[in-house]
Amino acid sequence: MLNICIVAGARPNFIKVAPLIRTIIRMSSEGYAISYRLVYAGSENDSTLEKSLFEDLQIPQPDVFLGVEHESLVELTGKMMSEFDRYLTTSPADIVIVVDDLASTMAAAIVAKKRGIKLAHLVAGTRSFDINMPKEINRLVIDSLSDMLFTAGASSNYIATRSGADMSNVYMVGNILMDTMRYNYPHFKRPAVLHVNNIKDNDYIVLTINRKALLNDKDNLHEIISNISKAAQSTTIIAPLRDYASKAIGDITSIYKNIITTAPLSYLEFGYLTSRAKGIITDSGNVAEEATFNSIPCITINNYTEHIETVKQGSNILVGEDPDKLSEYVSTMVDGRWKTCSLPDRWDGRTSERIIQILIKNIAN
């Protein structure tokens, strides 16, 4: 029996591991000797986990909530290591799969290796090349410890091997977010904000901002929002905002008549909103990747992206935090003059199947 421990550190991780879980459940029902346990670093009453999340993703809730609370990233790392080590004492695993680049992800990776357990990293080979970013340190540590590095594209393969990973341990499996998108697309739900405001599909822009560094620079944030509103002209902008972003942006957006703010949407509602938009403005790499899958014009308010394929081949454009550059591309978006885009290699919705087959071949045998 191949026992897999999947560790999620935050809400976005569940969206990435859901296809893995569904594939494991299906293959187990077909007679494969494979099982999993899903471990969440947070608590059951985590406010970021809406009640519908696991139902929307069609996966069971986590088997274990470690309940790690923290005041700082250093404290989180220490508590996560302690709690995850205690968990593995009573629940052994053949391999631990960690997701992305969080402090909790790094902590789980360290514990797994100290215990001599095989470690796999999803998604590996992503870099900002800014060592002052805490997440960059996490990425370097996790990739260096991993026995298996699952990457989304050729550029990530190159980064992983250049950073010292043995090429035989690097697997280009594709972008697992696309598995989730393809699976859930028929189930997307039209959100109430479109009905209430009588907004037609493909006739609005979606705005998401969550990076605290961006939200905390009030003057620059105000200029960014102002330029977006003016460049959008008569096009409605819909901004689903979580608590921190809502407090930071609420007073600013209320000034502009073409911006509608709304509470956070469920996964299926947000999927509908972004897949039917005229365009998307975001600081989220995940949202930009989904935009590439949907061929929706996307502007990323950042200087880098975890997956450069979204820029080189997909629908994404990076503008940093430059309000003038942002205005230019919002105008291009509204006028329908966006670049031609295509789907990167292996962003085909079959990533989870590749991963599980690799695990069965290399760990179970």
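Student: Which residue just after H10 takes a positive phi?
Tutor: That's Gln 233, with a phi of about 60°. Keep in mind that this is a predicted model.

Student: And H10 itself, how far apart are its end C-alpha atoms?
Tutor: They are 21 Å apart. H10 covers residues 218-232, and at 1.5 Å a residue its 15 residues should span 21 Å, so the two values agree.

Student: Which residues of H10 are buried?
Tutor: Quite a list: Asn 220, Leu 221, Ile 224, Ile 225, Ser 226, Asn 227, Ile 228, Ser 229, Ala 231 and Ala 232.

Student: What about H10 and H15, at what angle do they cross?
Tutor: Roughly 25°, with the axes coming within 8 Å. H15 is the helix at residues 323-334. Angles under 35 degrees count as roughly parallel, so that is what we call H10 and H15.

Student: Left-handed or right-handed crossing?
Tutor: H10 passes H15 in a right-handed crossing.

Student: OK, switching to rings. How many aromatic pairs are there?
Tutor: The count is eight. Take Phe 150 and Tyr 171: their ring centres are 5.8 Å apart and their planes are at 45°, so the pair is tilted.

Student: Where in the chain do those two sit?
Tutor: Phe 150 is in strand E6 (residues 148-151) and Tyr 171 is in strand E7 (residues 170-172). They are 21 residues apart, so to speak a link between distant parts of the chain.

Student: Are they buried or exposed?
Tutor: Phe 150 is buried, at 1% relative accessibility. Tyr 171 is buried too, at 19%, and the cut-off is under 20%.

Student: Which rings are linked into a cluster?
Tutor: Phe 14, Tyr 40, Phe 54 and Phe 65, joined by ring pairs.

How values were computed
Residues numbered from 1 in each chain as written. Predicted model: local features only at pLDDT ≥ 70, side-chain atom pairs only at ≥ 80, totals over all residues. Heavy atoms only, no water. Helix = DSSP H or I, 4+ residues; strand = E, 2+ residues; numbered from the N terminus. Expected span 1.5 Å × (residues − 1). Buried < 20%, exposed > 50% of the residue type's maximum accessible area, 1.4 Å probe, protein only. Phe/Tyr/Trp six-rings, centres within 6.5 Å; stacked < 30°, edge-to-face > 60°. Axes fitted to C-alpha atoms, helices over the stretch in contact; angles between N-to-C directions. Parallel < 35°, antiparallel > 145°, perpendicular 65-115°, else oblique. Left-handed = near helix turned anticlockwise from the far one by under 90°.
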